[in-house]
Amino acid sequence: MSNLVLSFNNKKIKKIKNPEYILGGKGTNLARMGNLGLPVPPGFIISTEVCELFYKNKKKLPKQVLKNIYLELKDIEKLTSKKFGSLKNPLLVSVRSGARVSMPGMMDTVLNLGLNDQTVKALTKKTLNGRFAKDSYRRFIQMYSNVVLNIEGYLFEEMIDNQKLNKGVLLDTELEETDWDELIQRFKELVKRQTKKNFPQSVQEQLNGAIRAVFLSWDSQRAKTYRKLNQIPDYWGTAVNVQSMVFGNMGKDCLTGVVFTRNPSTGENVFFGEYLIDAQGEDVVAGTRTPQHITKKAKIVAGSKEKSMEETMPKVFQDLKKTLLKLEKYYKDMQDVEFTVENKKLWILQTRSGKRTAHAGIKIAVDMVAEKLISKKKAILRIDPNTLGTLLHPSLNRKVERKIITKGLPASPGAASGKVVFTAEEAERLNDMMQNTILVRVETSPEDIHGMHAAKGVLTARGGMTSHAAVVARGMGRPCVSGSTEIIIDYNLKQFKSGKIIVKEGDIITIDGTNGEVILGTVPTIQPKMSSYFSTIMKWANEFKKLKVRTNAETEKDSKVARDFGAEGIGLCRTEHMFFDQERILSVREMILSKSIEGRNNALAKLLPHQKNDFKSIFKVMKGLPVTIRLLDPPLHEFLPKTDREIEEVARSTNLDSKEVKDRIEELHEQNPMLGHRGCRLGISFPEIYEMQCEAIFEALIECKKEKIKPVIAEIMIPLISTDTELKILRILVDRIANKIQKKYKTKIDYIVGTMIELPRAALQAKKISKYADFFSFGTNDLTQTTFGISRDDSGKFLNDYLNNKIFEIDPFVSLDQNGVGELIEIASTRGRQFNKKIKLGICGEHGGDPRSIEFCSKTGLHYVSCSPFRVPVAILAAAQSELKK
Ligand code: PEP
Ligand code: MG
């Protein structure tokens, strides 16, 4: 335990491997910026090792740590010529969290710490600015009380609002020193009422309390939710940064701001940010005052009349510009920077890699390769494959007339329609009922993240482009319109007003996060076109990847979408989906209900031309590529009529009476259909079904050949086998039908036969099974279900308990259980290859579109992954990354 507390300028930091792990992202970057010679206020880091000790030590700070903190404070005092708790020249500090990766807004911060009834007088005297000193003190009481003493923040805000009302002013900055005096008194009384104790006057007690609170915030519900959504492990812990304060709220030559080195929405290479004169950092993010633009150009583009920082403080702006360029060059990535100007001197408080939309991420990566800042390899590794999904978000159809009720800031692109809800809880409740919602809030706070996740979009009345709502929505890929200042929200009446229009909870609105429009009702959307940046990234990814990426598709349309996205064939065509078509379902029902082979064959004969045409249309799209067609898999009763009307319809067409149909339905009922009469078991019991399907496939192949369409490589796949004999019997069936068709049409057919590995026994018996298989495709949906013995359809009911109790780190139906299911895949691959060296191996369960699972497949030496069409780009990128990480 050697890295408990370290100052930003400790030389040791340079030698620490992966310093973020110990010092957190924020602390590491502050230390790095110091090394670059940038103006960083002095401070120190209490490492993540202390966080671990803190939790082990019954949530107390160990003595050794307290001693180290004391020593580091002394150093800051020397560097700033101020003293903590001094009655002459008091040192004030900020206490901020700093996890390994940034978790914007999720954890706690306390600013202006070190103020009490005495030091505030000293600060007044020293700065000759009583208003500033009192403003800082009231801010401190507010933050400390909220973060450390758990007093609701709105209680303080209400008092401030009342004071402004009494004074007839609108802005906090219009309140005078005496107003803050009164408010400070009332704040302290509130603290006394709520905690039965006086607001702490000991600066040491304040510091210890704040450090403790930051560590505790790692375990807060909102931080836990954020970690769960972002797959951040609990054991990482957070570091705490204690840093001497600089003040943006000391008067008109002070300001505070947030700036991105490039536009995080579009990726454009221009500074993008906001600032506020005479304010502290939280004012910009909280959205209580409307911040102004950093650059003159941005101001003009936005049509704002307020002065940009470039115009207000041209010299400081130049310093900022130089700093931003230096930071980007050093980090070789777009930075999100917090800064403060105190009496015209620039201070940098934080830099981190900026959160960005998927589109911006791609553009920035491609641009930086062109700027020779990063390599193609780095560009590929930098993009989170999961974010690509958001690029495929639809946009509003501009040709359709729409009733725009108001406009806000285009905070996170994409469009969404849904019912208006005013609370995160309601968004979650309706989401559980599969209903789309738009979460409407005055402003969002970290408590709302579960609702932002559940909603399809977010609309806020307050807040700028870097507000909590904007940052979080962009990170989540949710469309967001923020700072829609015309709307007046009434949480009690559950409605908002925009001019004369009243929108109530449950009414449908549409938001367009790309241009900020808020529209009444639903607006139809159109699918996006891929940008040239996207194509470039896909091209590079294809150059690097070895794993093939196929798609799961059973319609011409899906096949086309997937092929356009770069799919290299079909890895799973679920033929049963073709049975559900209106025209066919009656024949399918006839087939199932008939008790004789003749009856079944009659019905199958009606289905054959439909199946053949389906296959033909897919083969035409996939020409030249492999297409895996799975023979019928689900239990037959899934196709049976359910309503009385359907039962009567089937009875009529099968010449049975309704009672007979109902009896047959009863007969086919299974207690546990997933383990019942399904998969290859159907082929064994009713070979004529598989025969018809094979005929349809082979005839489709021959007809395509006649039409001179480049042939696909047909792969006929038998589902859910557990023994080699099942496969042997069914392979003979496929070959027999192939021979029959070849003879009939005097044409040779190229095809191969393989099986799904979906049952543990099949994985273990892979060597024997591979004797009859040209390929294995791991059906990891069923393999997960059968390995865990957990129903894939019912796991939702208890999955959260398993995640909360850390039994599962992640839902095994979403990301492959690499230890258990993964081991079976490895065993099956090795044993399969023992007999059949050339066996083709792939995966076609949902995991085929999950980046982590793809990395596992790549390591295990599978040849391809197969996923739904819209996941194809995600899989291509993940496959390239897996190769580059090897
Ligand atoms: C599987 O089980 O993983 C699979 C792809 O088949 P299905 O989801 O159709 O059961
Ligand atoms: Mg399956």
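**Notebook: metal site, rings and fold**

The model is a predicted one. These residues coordinate the magnesium ion (ligand 2): Glu758 through OE and Asp782 through OD, at 1.9 to 2.0 Å. The pair links distant parts of the chain, 24 residues apart. I placed glutamate 758 in the loop between strand E30 (751-757) and helix H29 (760-764). Aspartate 782 belongs to helix H31 (residues 780-788).

I noted 35 helices and 33 strands in the protein chain. Of the 886 residues in the protein chain, 57% are buried. I then turned to contacts with a separation of 6 or more: residues 24 or more positions apart account for 69% of them.

I recorded 17 aromatic pairs in the structure. In one of them, phenylalanine 260 and phenylalanine 272 have ring centres 6.2 Å apart and planes at 65°. An angle over 60 degrees counts as edge-to-face, so this pair is edge-to-face. Phenylalanine 260 lies in strand E8 (residues 255-260) and phenylalanine 272 in strand E9 (residues 272-277), 12 residues apart. Buried means under 20% relative accessible area. Phenylalanine 260, with 2%, is therefore buried, and phenylalanine 272, at 15%, counts as buried too.

I looked up another pair, phenylalanine 422 and phenylalanine 496. Their ring centres are 6.5 Å apart and the planes stand at 80°, so this pair is edge-to-face as well. The pair links distant parts of the chain, 74 residues apart. Phenylalanine 422 sits in the loop between strand E16 (415-421) and helix H17 (424-432), while phenylalanine 496 is in strand E21 (residues 495-498). I found both phenylalanine 422 and phenylalanine 496 buried.

I also noted a cluster, in which ring pairs link Phe788, Phe798, Tyr802 and Phe808.

I found arginine 227 over the face of tryptophan 218, 3.9 Å from the ring centre. Arginine 550 lies over the face of tyrosine 864, at 3.8 Å from the ring centre.

I checked the length of helix H8 (residues 203-217), which has 15 residues. At 1.5 Å a residue, the helix should span 21 Å. The expected span uses one less than the number of residues, so the count of steps matters here. The end C-alpha atoms of H8 are 21 Å apart, which agrees. I then looked up the buried residues of H8, among them Val203, Leu207, Ile211, Val214 and Phe215. Gln206 and Ser217 are also on that list.

Where is valine 650 placed? I found valine 650 in helix H24 (residues 644-654). Its relative accessible area is 0%, so valine 650 is buried. Leaving aside neighbours within four places in sequence, I listed its contacts as Leu586, Arg589, Leu593 and Pro641. I also checked valine 650 against serine 587: the two are 63 residues apart in sequence and 8.9 Å apart in space, C-alpha to C-alpha.

Key: Residues numbered from 1 in each chain as written. Chains lettered and ligands numbered in written order. Predicted model: local features only at pLDDT ≥ 70, side-chain atom pairs only at ≥ 80, totals over all residues. Heavy atoms only, no water. Phe/Tyr/Trp six-rings, centres within 6.5 Å; stacked < 30°, edge-to-face > 60°. Helix = DSSP H or I, 4+ residues; strand = E, 2+ residues; numbered from the N terminus. Buried < 20%, exposed > 50% of the residue type's maximum accessible area, 1.4 Å probe, protein only. Lys NZ or Arg CZ within 6 Å of the ring centre and 35° of its normal. Donors = N, O, S within 2.8 Å, 3.2 Å for Na, K, Ca; no water. Contact = heavy atoms within 4.5 Å.
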